[in-house]
Amino acid sequence: MSTDIPGKSLAAGGAADGGEAAMALSDGDFAADRREHDMRSALRDYRDRIRSGELGALPAVLGLISLVALFAALKPDTFLSKGNMANLSVQALPITILAMGLVFVLLLGEIDLSAGVASGLCAAVLAKLVTDAGQPWYVAAISAVAIGIVIGTTIGWLVSVLRIPSFVVTLAFFLGLQGVTLKLIGQGGTVPVRDDVVYALANKNMPVWLGWVLAAGCAAAYTATQVLRRRRQRVRGLHSRPLEFVLAQSAVVSAALLVSAYVLNLDRAPSPLITLGGIPWGVLLAGVLLVVCSFVLGRTAYGRHIYAVGGNAEAARRAGINVTRIRISVFMIGSGLAAISGIVAASRLSSVATDAGGGNTLLYAVGAAVIGGTSLFGGRGKARDAVLGGLVIALIANGLGLLGTSAYLSYLITGLVLLLAASIDALARRRRSTAGR
Amino acid sequence: MAENGDPVLRLIGLNKSFGAVHVLRDVDFAVRLGEVMALVGDNGAGKSTLIKCIAGIHPIDSGRIEFDGRPVSIDGPRAASALGIEVVYQDLALADNLDIVQNMFLGRERRKGIVLDEASMEEAARRTLARLSVRTVRSVRQRVASLSGGQRQTVAIAKAALWESKLVILDEPTAALGVAQTRQVLDLVRRLADTGHAVVLISHNMNDVFEVADRVTALYLGRVAADVARADVTRGQVVELITAGRSGDLGLAPRTAAESI
Ligand SMILES: Nc1ncnc2c1ncn2[C@@H]1O[C@H](COP(=O)(O)OP(=O)(O)O)[C@@H](O)[C@H]1O
Ligand SMILES: [Mg+2]
């Protein structure tokens, strides 16, 4: 895709492009699909896309880099310490997983205000089952996720069959589910989570060698898929992205994976007598969820239908898509992932309190999805948005904590960042509509 | 392929009422492969109701429908598309956030196992666009939001042509378009017929009708006033058929035309 000038014909568009490559293809249609790219035209394409409001991951990545630079400059010793980096990765997990579920809901232009407290309730169920009922961890975890899915199904049914706005339904659930958790745990109490496997999720690390193998393997697999897909597309004469672009993206992803593995694999033990290093197991869980969600959204018909319903529900209905079923299913996924997020949070704190998942948990997760690039208007968003945005939110909380910022300022700053992200979303949307995207 | 043989679709004595309102009265209608049939009539004449009966959205009260010479009952949109009937409604119903290929295959995606077969869908979309000589699209992987009104109409029409459909019905495809884009869409309508589809074109615009149609069916208050070859009528006559139900010795008998009111 290059300069998109609405209303101009192929010939005019090609001429406006001015490239020799475009001229050479004046013999056929779909010039932009077949045009050969060089470095310059690839960069120009990318710049045009950004200008027309097609921002992708750029704002979140820039935000991450500037936040790291800011806190590293202000608190070099503590912020950049090995221990803090590991802490940060675990801090980001519950928000990221919760946000990943919300991406599905937001893709339809709906909202789930109850996802945070649903995660709290599911965590409470888990804690009760392992600690009080002595059930093995997998029974407890499956039950927790099942309860999440039941909650999501109920919400989805109310929204898509009774056509109550999701805002209202999930606000009701937001209040109601807190009551259930309170009843389950008992006023003011907490339930400890006494289970080695659940505890390990956020508190134990994989062996250093395994971390390296996974990081290198994922980097290689990602690069290979991207390059091979492009090659296949070229062979069959299909639309493909410029090679420079594919390579640059693969390089960035690989670098991120390897640098994270390196930092987390450093020995961060406070005493020289022991060694403590490795990637926390929970990061692997989030990684697996990211791959699965990305696959579902990007490569399956079901994912395609989610985007279609979010973009134009009437068009989807006429195309024979069961819109009601899609609506219900995204709430099921949202609450199911909320349950997993609750389990990770329970593991991190080793206990579940009555207010688990309450407070601003949900708003942070929505903020994470939006900061990552998911649109509140529906139809746009990716699973990776949750990871990028979750990291941004965790970075802010972590950095401000180290700076000893008073609580009121932390709230203010996080609120401002969320507002900023939502403004970028709204402005990019305006940009796209004036640029005719 | 483009021959005016037996009709691919024939409606005989079709009646349709909504409660006490008798909207379609003994409608006979036929369209052949390779032919553009213009369906004209004033607002409320029953054009949309007629195509919704063909598309399986409204059940008919009485009358017969024959498709490919065989009597059929079209009891739903899926039955219509299974027969090879595709309708492009006025609002087009494209998803702006999806690209051209994704829109053309929406709801009927090709898969390999559980994975979408993007390559084969892109190839098929490109072939269809090329067959219809659509030359205005820069990339089939463009988001539909980035297209002009005429291009969007083009995509919606190409989508209908993709499914080896025999009959493509277009509801006012040029209503919202400027001069140049109307031109493009009319060319496309013509090519659709020339590549062997039967086309029903609903239009208010006499220029459009006289430019692409082979035949004209005029509806007047739910009755067929005339089914004539375009070459046999003038614009003035068609306008009279639309507004009065008759024109000279064409159209409804004076008494029928009068009592319909
Ligand atoms: N679903 C419906 N229920 C009741 N009356 C209808 C319905 N659809 C159409 N009509 C009536 O049928 C008549 C024909 O309408 P329509 O087919 O939309 O005409 P056209 O498309 O030619 O303008 C109008 O009088 C309209 O009010
Ligand atoms: Mg109408």
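**Exercise 1. Which residues are linked with Arg304(A) in a network of salt bridges?**

Solution. The model is predicted: local features need pLDDT of at least 70, side-chain atom pairs count only at pLDDT 80 or more, and totals for chains, interfaces and linings use all residues. Residues are numbered from 1 along each chain as its sequence is written, chains are lettered from A and ligands numbered from 1 in the order in which they are written, and side-chain values use heavy atoms, with hydrogens and water left out.

Step 1. A salt bridge is a side-chain nitrogen of Lys or Arg within 4 Å of a carboxyl oxygen of Asp or Glu.

Step 2. By this rule, 23 salt bridges are counted over all chains.

Step 3. Arg304(A) is linked in a network with Asp99(B), Glu118(B), Glu122(B), Arg126(B) and Arg141(B).

**Exercise 2. Locate the salt bridge of Asp68(B) with Lys166(B) in the chain and classify its residues by accessibility.**

Solution. Step 1. The closest N and O atoms of Asp68(B) and Lys166(B) are 2.6 Å apart.

Step 1. This pair links distant parts of the chain, 98 residues apart: Asp68(B) lies in the loop between β4 (62-67) and β5 (70-72) of chain B, and Lys166(B) in the loop between α5 (149-162) and β9 (167-171) of chain B. Helices (H or I, at least four residues) and strands (E, at least two) are DSSP runs, numbered from the N terminus.

Step 2. Buried means under 20% relative accessible area, exposed over 50%, and partly exposed in between (1.4 Å probe, protein chains only). Asp68(B) counts as partly exposed because its relative accessibility is 36%; Lys166(B), at 32%, is also partly exposed.

**Exercise 3. Describe the salt bridge of Arg183(B) with Asp187(B).**

Solution. Step 1. The closest N and O atoms of Arg183(B) and Asp187(B) are 2.9 Å apart.

Step 1. Both residues lie in helix α6 (residues 179-194) of chain B, 4 residues apart, about one turn of the helix.

Step 2. Arg183(B) is partly exposed, with a relative accessible area of 38%, and Asp187(B) is partly exposed at 31%.

**Exercise 4. Compare the span of helix α20 (residues 407-434) of chain A with its expected value, and find its packing partners.**

Solution. Step 1. The expected span is 1.5 Å times one less than the number of residues.

Step 1. Buried residues of α20(A) include Ser410(A), Ala421(A) and Arg432(A).

Step 2. The buried residues of α20(A) pack against α18 (361-372) and α19 (383-403) of chain A, where contact means heavy atoms within 4.5 Å.
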